[in-house]
Amino acid sequence: MLKQTEGSRAVAEAVAMCRPQVICAYPITPQTHIVEALSAMVKTGDLEAEFLNVESEFAAMSVAIGASAAGARAYTATASQGLLFMSEAVYNAAGLGLPIVMTVANRAIGAPINIWNDHSDSMSQRDAGWLQLFAETNQEALDLHIQAFRIAEELSIPVMVCMDGFLLTHASERVDIPDPGQVDAFLPRYDPRQVLDPDDPVSIGAMVGPEAFTEVRYLAYERMRQSLGVIEAAAAGFAEQFGRDSGGLVRPYRTEDAEIIVVALGSVLGTVKDTVDELRAGGRKIGVLGITTFRPFPADAVREALGGARHVVVLERALAPGSGGIVTSDVRTALVGRSTHISTVIAGLGGRAVTRKSLCALLQAEDLQPLTFLDLDTGLVDRELARMRTARRSGPSPENMLRDLGITASGIG
Amino acid sequence: MFQVRFHGRGGQGVVTAAELLASAAFSEGRHAQAFPSFGSERMGAPVMSFCRIDDKPIRTHEPVTEPDALIIQDATLLHQADLFAGLGREGYMLINSARGFGELGLGDFVTDFHRDRLLVVPASSLALTHLGRPLPGAALLGGFAALTWAVSLDAVLAAISEKFAGPVAEGNARAARAAFAFVRDEREALTDA
Amino acid sequence: MRKPFAITLDVGSSRANHTGAWRTERPVYVHNLPPCNNACPAGENIQQWLYDAEEGPARYEAAWRQIMEDNPFPAIMGRVCYRPCETACNRAQLDSAVGINSVERFLGDEALRQGWKVPVDAAPTGRRVLVVGAGPSGLSAAYHLTRLGHQVTIKDAGAEPGGMMRYGIPKYRLPRGILDAEVHRILEMGVTLELSTTVTDIQAELKNGFDAAFVAVGAHIGRRAYIPAGDSARIMDAVTMLHGMEEGSVPMLGRRVAVYGGGNTAMDAARTARRLGASEAVVVYRRTRERMPAHDSEVEEALEEGIQMRWLSTVAHADEGKLLIEKMKLDETGFPQPTGEFTELEADCLVLALGQNADLSVLEGVPGVTFSDNVVEVGPDLMTGYPGIFAGGDMVPAERTVTVAIGHGKKAARHIDAWLRGGAYAAPAKHELAGFGGLTTWYYADAPATVRPRLEAARRVTTFDEVTGGLDESTALFEARRCMSCGNCFGCDNCYGVCPDNAIIKLADGEYEVDYDYCKGCGLCATECPCGAIDMQPEPT
Amino acid sequence: MPYQRIKFYQTGSFAVGNRLLADEQRSVQSGAQRSNALTCGHRACQGCGEALGARYALDAVLRATNGKMIAVNATGCLEVFSTPFPETSWQIAWLHSLFGNAPAVASGVAAALKAMGRTDIRVVGQGGDGGTVDIGFACLSGMFERNDDVLYICYDNQAYMNTGVQRSGATPPAARTATTQAVGREPGNRFGQGKSAPLIAMAHEIPYVATATVADLRDLEYKATRAMDFHGARYLHILVPCPLGWGSAPADTVKVARLATESGLFPVFEAETGEVVSSTPIRHRVPVTEYLRIQARYAHLFRPEERTEVIEKIQAAADRNIRRFGLMPDVTERAEVLASATAESPGKQ
């Protein structure tokens with residue numbers, strides 16, 4: 001059923017249709033609307049589940065771990081600092097092979113504290129052993145959650161569905177909400193690989209020493225590789241069941257004959273596609289490759305999709321200080337052995353708008369540096385750098401620069 | 001694609017208004033997108049929201065920087081910096097006020113635009129009359145329908161009845177109708193002139 | 001379930017890890033010798049029969065039979081024994097000694113009530129043994145010899161069996177009904193008893209069909225000391241007096257009686273005098289109370305009955321109606337020395353209780369038999385210098401108590417049996433003594449001893465009723481359960497429970513085994529064993 | 001299995017069983033067929049109090065739940081010595097996740113069971129004092145506040161033993177640990193305010209809070225069993241001496257615990273919805289020095305010279321406990337106890 005609704009609401013409805021048995025919630029912007037909606041459904045009885053208001057994100061993931069190990073379908077959502085606070089448990093859930101599904105409403109990480117969108121949070125957990133799926137639209141966010149439970153439970157690996165905070169979670173868009181029957185048909189009952197059962201007891205979470213730890217890790221790596229196929233199969237099965245393309249590994253757009261291909265994740269893809277159309281109209285041979293599955297990284301699919309591109313521009317919503325682009329390094333690995341020119345563009349940090357205007361300008365430029373910060377106010381940073389050179393105690397940079405701008409925090413999204 | 005920017009103060013329903021407009025467009029089978037200016041603002045602070053309407057899927061997620069229309073929910077914001085930023089010569093603007101542009105100090109400003117695309121409507125007092133509370137959102141949308149025809153009044157009413165229920169829905173609907181009539185008459189007056 | 005490798009494990013798999021390898025010391029269950037058993041002159045296995053008794057009525061008979069293994073007189077013991085077991089009892093160091101004696105009495109009386117008998121299981125050996133003297137020692141020997149399959153004949157000069165138990169111990173301490181019943185039970189086993197029969201030629205007896213003889217005629221000749229006395233002074237000796245009581249010839253003592261001596265016989269004489277109507281009974285003794293040979297309980301009861309004591313006093317001269325008493329003082333060696341101070345003591349009669357001598361005539365002239373200061377010399381096997389003639393009881397060097405005599409009887413029986421079979425009896429090696437230090441007494445609840453009911457003094461002095469009553473069943477059981485079972489497991493399950501490695505296997509109640517595959521040797525079981533029945537021993541290297 | 005006070009006519013010990021007792025009156029641990037939730041072959045130190053306490057507590061719960069139990073374990077000695085790959089000593093459904101999240105994981109298991117309609121299965125969370133009163137404290141408090149149907153058991157050995165005896169929030173004043181060395185002007189742990197997890201648990205007014213030690217194993221069993229009579233959040237705090245960390249003889253593990261209670265330093269009590277409903281009276285009171293002297297972690301209080309002012313402060317703490325929890329019933333009370341005890345008729349009943 002088509003519906004004009006907020007992204008969070010749409011995701012909440014999709015999650016509800018997956019019939020999670022245990023939901024744990026701890027508030028953090030911009031994820032809150034999702035669990036608020038789920039809480040209401042549990043209260044009204046529309047959703048039969050245990051809803052726990054826990055005391056921290058660390059507890060939220062821990063409750064999910066216990067619930068999943070006991071054989072229940074478990075769900076939680078978080079963002080930003082919350083994801084970092086639960087990090088230890090995030091790794092643990094993957095290590096124990098518990099198919100938990102978690103929404104990450106992508107948001108920047110402080111300091112300085114910043115509630116707006118970028119990908120620093122989920123990127124920080126990219127090696128936690130979770131699958132990471134990035135949604136381009138609210139429709140895809142909704143669809144990915146349904147696929148996530150199926151993939152997670154088939155593989156016994158937890159899945160993180162990443163959707164851009166505010167840009168998607170708070171945006172009202174048209175979405176096609178499936179009917180519960182379809183979801184039930186697509187998503188089988190949870191049949192755990194291991195479960196805490198007094199009638200068939202096991203010890204889960206043993207200490208493993210050097211004699212077997214490498215093997216344990218190898219098996220995790222192997223399962224991740226296998227998961228690529230499972231993800232594609234899930235997407236195919238989804239298309240069959242719902243008549244809609246969603247999920248999968250990567251999404252090429254006008255890449256066939258493209259000389260320049262932009263690689264990006266999440267909601268920015270829409271803006272990039274508009275940009276591509278505009279530049280194509282101007283005769284520039286450009287395309288865009290959306291990466292839906294970031295973990296495991298679909299190297300083969302990426303290499304294939306980037307086919308004959310002369311120049312690959314990786315548009316990143318996060319930064320690895322002291323290194324540069326996080327996605328870029330994976331792309332580079334995927335293209336190893338090719339002469340493709342690869343450049344990184346850091347854009348949209350902490351909620352900075354990524355506009356078609358800026359993108360057009362950027363992608364028309366022939367001499368693109370290896371690393372570019374989109375719409376960087378160079379004057380502002382130069383002044384601050386100068387201050388720092390002259391006075392040791394030059395004060396906190398964020399405040400200094402805001403003073404320069406003559407505004408207080410906020411401003412246009 | 002038709003892009004609208006709403007200006008108001010926290011608590012005045014600026015976001016709701018944008019969402020109502022989006023679902024109005026949706027009810028006419030069109031694609032729409034509404035989203036707030038994500039801030040940490042609280043009650044009373046100046047805030048914005050956006051709405052896009054198109055016949056094909058809307059892919060971009062950047063904020064509206066070159067609006068086709070502005071809806072000003074609170075006239076006290078008028079002299080704020082860049083309130084009108086990006087509004088083109090062909091643009092529309094609807095201000096919630098009982099006073100004329102002259103009194104609002106916009107006498108000169110409006111002369112650069114199509115005169116019949118810039119109007120004021122006493123949305124708050126209409127809301128007060130019909131809804132009992134000075135929430136101008138629905139009324140402004142009624143007026144907006146009459147001003148731009150970007151969406152029909154019926155679509156606005158449909159959105160209102162989907163969003164609200166009972167007396168609130170009715171009150172908002174009456175306010176919207178009243179505002180629609182008010183703006184329609186104003187435009188006719190201007191075009192006749 | 002397709003379990004994830006390494007992260008998920010099958011339960012209980014650690015049993016493959018034998019932690020016994022960590023051990024440097026191993027716990028071992030032991031049986032140590034309880035102090036009560038160690039102290040018992042009759043060699044009773046007290047801890048064992050208390051263990052049986054504490055289980056209640058169902059096991060009383062078993063407890064009694066355990067006593068009967070060593071001592072045929074539980075009911076008598078429960079009245080006249082001076083309880084060296086209770087003196088030794090470890091519990092005395094915790095609150096107060098277990099009332100072993102009263103439990104024994106309860107079991108003894110219960111046996112008489114129920115008419116329990118002792119079967120003779122051994123096949124008849126066809127050997128005949130003569131026992132001279134039907135006192136505790138002789139009867140005990142006869143009992144054990146009979147159980148060993150020998151044919152026993154007892155000859156006694158007296159009119160009734162029992163020896164000192166009858167002629168030395170007053171009724172108020174040992175009712176005759178009890179004595180008769182326990183003696184009768186022995187005779188019933190097929191022992192021949194010939195009373196009023198004095199053995200004159202023991203060698204002849206051995207020639208005429210007896211293969212061995214046990215002589216235990218006791219010591220019943222009152223020792224006389226020279227006391228300057230006027231013609232009309234009334235002086236008699238305690239043994240004769242008590243003996244007379246038994247034969248119904250009540251001696252004329254008068255209103256004021258003085259008893260000279262400090263032993264148990266002196267107490268018996270004084271207390272008997274009170275019962276015979278003496279308004280004043282005074283014990284005159286050369287030393288102090290601490291040095292009195294009489295047992296405390298006896299002295300206590302005497303004092304309760306109004307007996308007066310004159311310490312550090314000797315009788316210098318006896319006259320009609322009065323005695324001349326000289327004060328004494330102890331020298332540094334503790335020996336009493338005259339002071340030359342004299343006082344008078346009014347007394348109608350002086351009873352001498354200065355100890356007894358044995359009548360050794362039966363052995364006089366027997367080749368090889370030797371004597372020294374009025375007792376027969378015997379070897380560790382109680383055999384005299386004449387092969388086949390054994391002796392015991394008061395006529396051999398030892399403490400002169402009923403219990404010791406009974407012990408001699410058992411000991412003699414074993415040696416005689418071995419001798420008859422042409423061998424020698426070797427007593428089994430004793431276990432290590434179970435000291436108080438080896439106990440973990442926290443586990444024993446505070447439980448003060450129950451005191452046996454006593455006839456209140458006023459009534460006592462006028463009658464010969466038994467002074468000390470018995471315990472009823474519940475209190476006897478209470479006493480039995482106060483036993484700490486020193487050095488011997490009583491099945492509390494502590495070791496089984498406290499082992500952090502589940503390395504104690506419980507086979508049945510009170511039966512355990514250490515699982516050395518897993519025991520790490522921490523020693524917790526040994527420390528927490530209440531009764532010290534587990535030792536930690538170094539691992540064999 | 002109603003917990004019974006020691007009888008006054010008994011022979012020997014009621015600590016575990018006693019052949020004079022009827023089977024139903026005996027301890028779970030006295031049965032030859034006991035379940036051994038924690039079986040042998042584990043790698044705990046010689047004389048480990050935690051291994052002993054854990055087996056008792058979980059076996060009691062197993063019996064109370066007819067074997068329908070799931071246990072969640074925090075990281076720590078217990079977890080490490082019981083489940084080193086490829087072996088586990090557990091014979092129950094058992095899960096280890098992290099150091100600081102056992103209460104939350106247990107809540108998750110309970111929530112799952114509720115959601116799946118398996119409320120016949122009960123959940124136990126367990127951990128050491130570090131995992132409970134320090135790093136896991138927020139999760140514990142959250143579990144209490146939500147009143148989740150979990151029994152949480154803290155095995156308190158008063159320091160981080162797994163990592164080599166470092167100070168924890170439960171380390172008693174003056175005790176020596178690897179991070180509160182017996183050196184300097186104030187050797188050993190500082191005299192802080194202390195952290196009483198049981199009292200904090202009581203402040204949550206959860207249905208049941210109790211303390212126990214491995215010195216009174218019948219009582220420990222009773223408390224674990226009693227806890228299962230309640231639903232909602234329950235807390236059991238068990239003192240488990242650690243020979244390694246306390247510097248006591250492995251064979252003295254139970255004795256040390258006993259002295260802790262007999263001195264009044266570790267009060268044994270029960271509380272329901274925040275109110276103390278019973279406390280175990282001290283049988284033979286001892287001065288705290290008897291408890292302190294046999295532990296090397298307190299050696300600096302006696303050598304080179306006795307630090308009387310510190311010992312007095314510790315004694316004062318013990319005296320406070322005795323007053324606060326009524327550990328020394330007055331004479332009349334004692335008389336009643338004695339009377340009622342002796343009134344009981346002897347023999348198996």
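Reader: What makes strand S13 (residues 322-330) of chain C and S14(C) a pair?
Author: Eight bridges join them, and the two strands run antiparallel. Two strands pair if DSSP finds at least two bridges between them, so S13(C) and S14(C) count as paired. Strands here, like helices, are DSSP runs numbered from the N terminus: at least two residues of E for a strand, at least four of H or I for a helix. One of the facing positions is C:Ile325, opposite C:Thr343 in S14(C). The two strands form a hairpin with five residues between them, and C:Gly334 in the turn has a positive phi of about 85°.

Reader: What kind of model is this, and how are its parts labelled?
Author: It is a predicted model, in which local features need pLDDT of at least 70 and side-chain atom pairs count only at pLDDT 80 or more, while totals for chains, interfaces and linings use all residues. Residues are numbered from 1 along each chain as its sequence is written, and chains are lettered from A and ligands numbered from 1 in the order in which they are written.

Reader: Why is strand S14 (residues 336-346) of chain C said to lie largely in the open?
Author: A residue is buried if 20 or more other C-beta atoms lie within 10 Å of its own, exposed if 12 or fewer, and partly exposed in between, with C-beta atoms placed from the backbone. Of the 11 residues of S14(C), one is buried, so the strand lies largely in the open.

Reader: Is C:Leu312 buried or exposed?
Author: C:Leu312 has 20 other C-beta atoms within 10 Å and is therefore buried. The residue sits in the loop between strand S11 (308-310) and strand S12 (313-319) of chain C.

Reader: How is A:Ser156 classed, and why?
Author: A:Ser156 has 18 C-beta neighbours inside 10 Å, so it counts as partly exposed. It also has a positive phi, about 60°, although it is not a glycine. Its place is the loop between helix H7 (138-155) and strand S7 (159-164) of chain A.

Reader: Why are such phi values pointed out?
Author: Because most residues other than glycine have a negative phi, and most peptide bonds are trans.

Reader: Why are H2(C) and H3(C) called roughly antiparallel?
Author: Helix H2 (residues 46-53) and helix H3 (residues 60-68) of chain C pack at an angle of about 170°, with their axes 7 Å apart. Axes are lines fitted to C-alpha atoms, for helices over the stretch in contact, and angles run from 0 to 180 degrees between N-to-C directions. Angles under 35 degrees count as roughly parallel, over 145 as roughly antiparallel, 65 to 115 as roughly perpendicular and the rest as oblique. H2(C) and H3(C) are therefore roughly antiparallel.

Reader: Which residues make that contact?
Author: Residues are in contact if their C-beta atoms, placed from the backbone, lie within 7 Å. From H2(C) come C:Gln48, C:Trp49, C:Asp52 and C:Ala53, and from H3(C) come C:Tyr60, C:Ala62, C:Ala63, C:Gln66 and C:Ile67. They divide into six nonpolar, two polar and one charged. Ala, Val, Leu, Ile, Met, Phe, Trp, Tyr, Cys and Pro count as nonpolar, Asp, Glu, Lys and Arg as charged, and the others, Gly among them, as polar.

Reader: How many residues of chain A touch chain C?
Author: 15 residues of chain A are in contact with 11 residues of chain C. H9(A) supplies the largest share of the chain A side, four residues. That side divides into nine nonpolar, four polar and two charged residues. Strand S9 of chain A also pairs with strand S1 (residues 8-10) of chain C, in the antiparallel sense over three bridges. A:Ile204 has C:Thr8 as its bridge partner in S1(C).

Reader: What makes S5(C) and S19(C) edge strands?
Author: Five strands of chain C form an open, parallel sheet in the order S5-S4-S3-S6-S19. Strand S5 (192-194) and strand S19 (389-391) each have a single partner strand, so one side of each is left without a neighbour in the sheet. Within the sheet, strand S3 (residues 128-132) and strand S4 (residues 151-155) pair in the parallel sense over five bridges, and C:Leu130 has C:Thr153 as its partner in S4(C).

How values were computed:
Contact = placed C-beta atoms within 7 Å.
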